Amino acid sequence: MKKIVIGIVSPCYNEESVLHETANELSNLIQRLISKGKISENSFLAFVDDGSRDDTWKIISKLTEENSHIKGLKLSKNVGHQNALHAGLMHYHRIADALISIDADLQDDIGVIEEMIDQFKDNNIQVVYGVRKERSTDTFFKKNTALFFYRLMRWMRVNLVYNHADFRLMSQKIIVALSQYEEVNIFLRGIIPSIGFSSGIVYYNRQERRAGESKYPLKKMISFAWEGITSFSNFPLKVVTMLSFCVFALCILASLYALISLYFTHVVPGWFSTVLPLYFLGGVQLLGLGIIGEYIGKIYSEVKKRPKYFVEESLN
């Protein structure tokens, strides 16, 4: 029986403090799986340098010289986690039967990778999602903002796998299908489930970050959530439409209240009927224009069809 070739793709941005440990653990995992006969000797680990400003690429270059199973891909500049991961998938999928994406900080449990491969080999599962069992290691703030994020995405009609980030196994068939998505604004957590094909789940406990700092502070988390919503749902535009009807109804009620107050109570003439609707309608209009502007901005990006990234160098 032909052994399958598995590639592990890991996007890196300023990961010099953790890269040696990550490479060591993932390389050892690949060797163990090869010795068990689970995967081919041609299986590999690929680091994608997303325009790091530290010595990340120097370390990757040295690792490729020391270990033939390690590959390196350097992007011309920082293009963001999703684009860097997409670059790795597109670059390496032709030489692998399946690719596994995992972050370089190794907070995702590599112990379940063997189970992912078993599902792919034995059950012909095309995509296997790594899903967190719980969020006990998160701070109160991060835990609740993450839960709010998934609930918000579901409310906005975005198809996501609950408590799943970007730790997954994808077959070559899935990645070929992914290559047909030509949009500039990519949100892989929403795109992959929308492709279809058979899917499975493995559950794991998320680990503490080994070193360095998180690449997803609050500002980036909010931006990431908004990217997902506007890339996969026109629900915010529908909200603006519903809001306009609500405002119209409220304006009718406010007008009736102003007339009643004018005749039965002592009020400053014209204040209520002028100032409050003015501020209320102005705020709603600005909100509506802002949301519509976001969608127009995305249309502008998509129409130009500029490349998402450029590969500067590839090793091994």
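**Reading a sheet, its helices and its cores**

Student: Which strands does helix α7 lie across, and how is it angled?

Tutor: In this predicted model, helix α7 (residues 188-195) lies across β5 (127-132) and β6. Its direction runs at about 40° to β6.

Student: What is the order of the strands in the sheet?

Tutor: The sheet is open, with eight strands in the order β7-β5-β6-β4-β1-β2-β3-β8, and the pairing is mixed. From one strand to the next, the twist averages 20°.

Student: Why is one side of β7 and of β8 left without a neighbour in the sheet?

Tutor: β7 and β8 (311-315) are at the edges and have a single partner strand each, so one side of each has no neighbour in the sheet.

Student: How do β2 and β3 run, and how many bridges join them?

Tutor: They run parallel, and five bridges join β2 to β3 (residues 70-75). Phe 47 stands opposite Gly 72 in β3. Helix α3 (residues 81-92) packs on the sheet and touches β1, β2, β3, β4, β6 and β8. The direction of α3 makes about 130° with that of β3.

Student: Which residues touch the most other members of the largest nonpolar core?

Tutor: In soluble globular proteins, nonpolar side chains tend to be buried together. Here the largest nonpolar core has 37 residues, and Phe 47, Ile 100, Ile 117 and Leu 169 touch the most other members. Helix α1 gives the largest share of this core, seven residues. Another core, of 31 residues, lies apart from it, and includes Phe 44, Leu 73, Ile 174 and Ile 175.

Student: What does Ile 117 touch?

Tutor: Leaving out residues up to four places away in sequence, Ile 117 touches Ile 4, Ile 6, Leu 33, Ile 39, Ile 100 and Leu 169.

How values were computed: Residues numbered from 1 in each chain as written. Predicted model: local features only at pLDDT ≥ 70, side-chain atom pairs only at ≥ 80, totals over all residues. Heavy atoms only, no water. Core = buried A, V, L, I, M, F, W, Y, C linked by side-chain atoms within 4.5 Å. Buried < 20%, exposed > 50% of the residue type's maximum accessible area, 1.4 Å probe, protein only. Helix = DSSP H or I, 4+ residues; strand = E, 2+ residues; numbered from the N terminus. Contact = heavy atoms within 4.5 Å. Pairing = 2+ DSSP bridges. Axes fitted to C-alpha atoms, helices over the stretch in contact; angles between N-to-C directions.
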